[in-house]
Amino acid sequence: MGGDRGADIVVPAAIEMLKKYPNLNLILVGQQSVINKKLQRRRAKSHDRITVVHAEEIVGMDEPPATALRFKKDSSMRVAINLVKENIAQACVSAGNTGALLATARFVLKTLPGIDRPAIIGMLPARNKEGYVRMLDLGANIKATEEHLFQFAVMGSVLTKAIEGIKSPRVALLNIGEEEIKGHEEIKAAAVMLHANSEINYIGYVEGNDIFSDMADVIVCDGFAGNVALKSIEGLANFIRSVIYKAVKKNIWTKLLALIAAPVFKIVRVDINPANYNGASFVGLRGSVIKSHGGTTVSGFMRAIERAMLEIEYNVPKLISDEVAKLLKQSEDA
């Protein structure tokens, strides 16, 4: 029950998801009295597809990951991830502290064989058929070696291929230029590794202004660059909304024009609404963990649950494990 508003967002999102998906069952983990009160208000306390599991402790949004891992063993995120490990739940969705969630998930679930570090993969708006591009790492690893970047590329490609049905996803490295001589040594070395691998459709470097284009299906970078890009995009979306709102309210004529242009504004609002892209996956773990934005809305948290459902449907951790095992075998045979 983490996030800025906890059960106020998670409980109504859960109820709406059960209405939308008749075969879905949800386990709500947190302080039982708080959850039951929210369920009772919505006349869902005795819902036959909701199970409430009590967790007494709360991990603060600014709490150090090491503290949460060592001293908060009865937190909602720890209990929820334990349920995934014990195969009681098939995935964990949390809006809580990102660092603590990642540290806990890595400690409890462990990484897949052949994967050194998990990465955070999320969706950003783009001008392609799907309407978005997947990008990783969005903050799990501030620094990444060429091997890590290669592993991120493999995981991103496998996930995109499975969920989107793209036969050969276009994979690119985020860099400061498209020329081969640009970038730091880890980026250059990762490019060599990706060029040499026939299983990955590596298309080369893309720059920051290419993120929204139709150049790639998967964009790979270290967690520092990815998180800066993500937060910049979120800030830009808020800025665009504020500029439009200010312009519309300027005078009577702009208000009248706004009424005429309302259908266009609605489309733009949907396309840049962060809630529509909510739900980032921790790939590389022996289980599915989805991180929701801490300040998301009910519809945004519903999106995160849907991301988890897709990972369950396609068994993404196993697909990644199989692909990595195949690549490792090819490397040994070479």
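Me: Where is the place of Lys-110?
Reply: Keep in mind that this is a predicted model. Helix H5 covers residues 98-109, and strand E4 covers 119-125. Lys-110 has its place in the loop between H5 and E4.

Me: What is the phi of Lys-110, positive or negative?
Reply: Lys-110 is not a glycine. Even so, its phi comes out positive, at about 70°.

Me: Which ring does the charged end of Lys-110 sit over?
Reply: A charge counts as sitting over a ring if, among other things, it is within 6 Å of the ring centre. Here the charged end of Lys-110 is 4.6 Å from the centre. The ring belongs to Phe-107.

Me: At what angle do H4 and H5 pack?
Reply: Two packed helices are described by the angle between their axes and the distance between the axes. For H4 (residues 76-85) and H5 (residues 98-109), the axes are 10 Å apart. The crossing is right-handed, and the angle is about 30°.

Me: How many nonpolar residues are in the contact of H4 with H5?
Reply: On the H4 side you'll find Met-77, Ile-81 and Val-84, among others, and they meet H5 residues including Leu-101, Phe-107 and Val-108. The contact of H4 with H5 also has 2 polar and 2 charged residues. The nonpolar count is 9.

Me: How far apart do the C-alpha centres of domain 1 and domain 2 lie?
Reply: The domain assignment gives domain 1 as 7-116 + 279-333 and domain 2 as 125-240 + 271-275. Their contact takes 23 residues from domain 1 and 15 residues from domain 2. The C-alpha centres lie 24 Å apart.

Terms used. Residues are numbered from 1 along each chain as its sequence is written. This is a predicted model: local features need pLDDT of at least 70, side-chain atom pairs count only at pLDDT 80 or more; totals for chains, interfaces and linings use all residues. Side-chain values use heavy atoms; hydrogens and water are left out. A charge sits over a ring if NZ of Lys or CZ of Arg is within 6 Å of the ring centre and within 35 degrees of the ring normal. Axes are lines fitted to C-alpha atoms, for helices over the stretch in contact, and angles run from 0 to 180 degrees between N-to-C directions. Helices (H or I, at least four residues) and strands (E, at least two) are DSSP runs, numbered from the N terminus. A crossing is left-handed if the near helix is turned anticlockwise from the far one by less than a right angle, and right-handed if clockwise. Contact means heavy atoms within 4.5 Å. Ala, Val, Leu, Ile, Met, Phe, Trp, Tyr, Cys and Pro count as nonpolar, Asp, Glu, Lys and Arg as charged, and the others, Gly among them, as polar. Domain bounds come from an automatic or database domain assignment.
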